[in-house]
Amino acid sequence: MRVAILQMTSSDDPEENLASLRTMLRDAIGQGAQFALTPEVTNIVSFSRKHQEAVLVREAQDLVLKGLQAEAKALDIWILAGSLALKSEAPETRFANRSLLINPEGEIEARYDKIHMFDVAVSAEETYRESAGFAPGDRAVLAHTGIGNIGLTICYDVRFGYLHRALAQAGAQIITAPAAFSPGTGPAHWQPLLQARAIETGCYILAPAQTGKHKASAGKSRSTYGHSMVVSPWGEVLLDAGTDAGVFCVDIDLAQVDEARRKVPSLTHDRSFEAPK
Ligand SMILES: O=C(O)CNC(=O)[C@H](CS)NC(=O)CCC(=O)C(=O)O
């Protein structure tokens with residue numbers, strides 16, 4: 001199967017982002033892709049709560065999602081909307097950071113709300129408090145599909161290996177890890193974390209990322225690390241997309257999942273042990 005990783009520099013305008021998605025999806029089809037994946041917060045990168053409140057809507061009303069569903073059907077392709085920022089159902093007033101898997105009929109096969117919130121002070125200049133704006137999910141999601149068993153994760157989740165282990169032990173062959181990784185942590189952490197998750201689980205890791213300097217939104221600008229990746233179940237980096245936006249295709253073969261797990265069956269070697277005191 002050929003997968004297309006759509007590396008983007010999303011702006012704070014969902015319509016503009018949908019327009020560039022349409023162009024990139026045609027490029028992906030031209031390259032023969034059967035599954036296209038977009039980064040975290042594909043529909044909007046903005047640090048302004050006020051702006052997000054003004055433009056974001058609930059899942060059922062979201063035009064980027066509707067647009068992607070129409071494209072999936074028209075182009076006969078699977079699409080992972082890595083994540084969309086969406087309004088939640090009342091009484092929750094924070095947004096949802098939701099990953100949605102769309103099949104070639106344009107139907108939503110699976111949805112996952114990011115579980116781990118990025119509440120981190122990387123440095124004095126670079127701090128994040130995702131849980132102020134987004135409500136965390138509390139359910140791991142594994143989609144059994146015609147193109148494999150796909151476990152959904154988002155960005156900061158990459159640091160929580162127990163989630164990936166649970167997905168793999170439930171049958172995942174592919175784990176998706178869309179991201180808007182921070183420039184402060186990316187250089188040291190992004191690639192080794194993805195490789196570790198691949199090696200521990202024997203899964204393909206597909207990690208489409210936001211990249212570059214995003215247009216200032218309400219006076220606040222933001223940069224993301226880029227370097228979208230595909231990592232094999234053996235832990236080899238099959239794609240490092242660098243820092244330019246674009247469409248990057250890689251062929252994957254799910255037989256490699258069985259092969260990696262046959263060589264090192266660590267997923268089946270869990271032991272229970274007394275907790276440390
Ligand atoms: O705020 C939004 O618009 C959407 N959410 C994000 O971009 C989130 C929280 S700020 N980013 C991450 O999780 C980066 C994790 C990371 O960089 C690390 O683990 O080092």
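## Basis of the model

The model is predicted: local features require pLDDT of at least 70, side-chain atom pairs count only at pLDDT 80 or more, and totals for chains, interfaces and linings use all residues. Residues are numbered from 1 along each chain as its sequence is written.

## Ligand shell

The ligand is surrounded by 15 residues, each with its C-beta atom, placed from the backbone, within 6 Å of the molecule. The closest are Phe118, Tyr156, Ala180, Ser182 and Thr185. By class, the shell comprises eight nonpolar, four polar and three charged residues; Ala, Val, Leu, Ile, Met, Phe, Trp, Tyr, Cys and Pro count as nonpolar, Asp, Glu, Lys and Arg as charged, and the others, Gly among them, as polar.

## Sheet

Six strands form an open sheet in the order S8-S9-S10-S11-S14-S15, with mixed pairing. Strands are DSSP runs of E with at least two residues, helices runs of H or I with at least four, numbered from the N terminus; two strands pair if DSSP finds at least two bridges between them. Strand S8 (141–145) and strand S15 (237–240) are the edge strands, each pairing on one side only.

Strand S9 (residues 148–152) and strand S10 (residues 174–176) run parallel and are joined by three bridges. Leucine 152 stands opposite threonine 176 in S10.

## Helix packing

Helix H5 (residues 161–169) passes helix H6 (residues 186–201) with axes that come within 9 Å and cross at roughly 35°; axes are lines fitted to C-alpha atoms over the stretch in contact, and angles run from 0 to 180 degrees between N-to-C directions. H5 contributes Gly161, His164, Arg165 and Ala168 to the contact, and H6 contributes Arg197, Glu200 and Thr201, where contact places C-beta atoms, built from the backbone, within 7 Å.

Technical notes:
Two residues are in contact if their C-beta atoms, placed from the backbone, lie within 7 Å.
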